[in-house]
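Subject: Model handover

Hello,

Here is the structure for your files. My notes on it follow below.

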Amino acid sequence: GMSPVKKKYCHFSSGKIWIDGVIDEWEGLGYKVNARSPKTGDVHEYFGEYDGSFEFDVMYDLENLYIAMSVWDDQVILDEHRSLWNQDIVRIYLDARPLEISSNGRGENQSEDYLFISLAPAAGKKADVIIYQKERLPQNTNIATKKTLAGFDVEISIPLTYIESKN
């Protein structure tokens, strides 16, 4: 199940965050999720220590909430001509409602009660990020990805006005 992320895990950005898929300005990502988690078990498709794992961090400034993620995958499957569900994707659920409401949610009213971002990184330099129901994202949400030697990186900005509107 999903659980709330405590505010202490989200820190103020002292510098400019550029949503370009290059995560250099993040100076490291604070949280790591291993592929061999209780949720995935010991899946046989994972090869190597980090396959299917990711690191992420969350920051904010006076205008936006920022999410950065570095995904490790031995075989990244990206194809702008395939269905989003038939390639490697990232899913993010953000419920900015007050804790007493969000912690009792049951996942109903996607994109109304909470923000659901599901994306497939760009398959090449001229390809676009494929975003599920992009039109339902808050206005001025920006998403960029970059393929790396180990997998791909993702950067997202979400206007704080969206967060404030849910509180």
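A residue is called buried at under 20% relative accessible area, exposed at over 50%, and partly exposed in between, using a 1.4 Å probe and protein chains only. Helices (H or I, at least four residues) and strands (E, at least two) are DSSP runs numbered from the N terminus.

This is a predicted model, in which local features need pLDDT of at least 70 and side-chain atom pairs count only at pLDDT 80 or more, while totals for chains, interfaces and linings use all residues. Residues are numbered from 1 along each chain as its sequence is written, and side-chain values use heavy atoms, with hydrogens and water left out.

Overall, the protein chain has 2 helices and 9 strands, in the order β-β-β-β-β-α-β-β-β-β-α along the sequence. Of its 167 residues, 39% are buried. Taking contacts (heavy atoms within 4.5 Å) between residues at least 6 apart in sequence, 57% join residues at least 24 apart.

Strand β4 (residues 64–72) is mostly covered, with 9 of its 9 residues buried. In a regular strand the side chains alternate between the two faces of the sheet. In β4, Asn64, Tyr66, Ala68, Ser70 and Trp72 point one way, and Leu65, Ile67, Met69 and Val71 point the other way.

Two strands count as paired if DSSP finds at least two bridges between them. β4 runs antiparallel to β3 (residues 54–60), joined by 7 bridges, and the two form a hairpin with 3 residues between them. Tyrosine 60 is opposite leucine 65 in β4. β4 also runs antiparallel to β9 (residues 151–159), joined by 9 bridges; here methionine 69 stands opposite valine 154.

There is also an open sheet of 3 strands, ordered β5-β6-β7 with antiparallel pairing. Its edge strands, each pairing on one side only, are β5 (90–94) and β7 (130–131). β5 and β6 (residues 115–120) share 5 bridges, and arginine 91 stands opposite serine 118 in β6.

Regards
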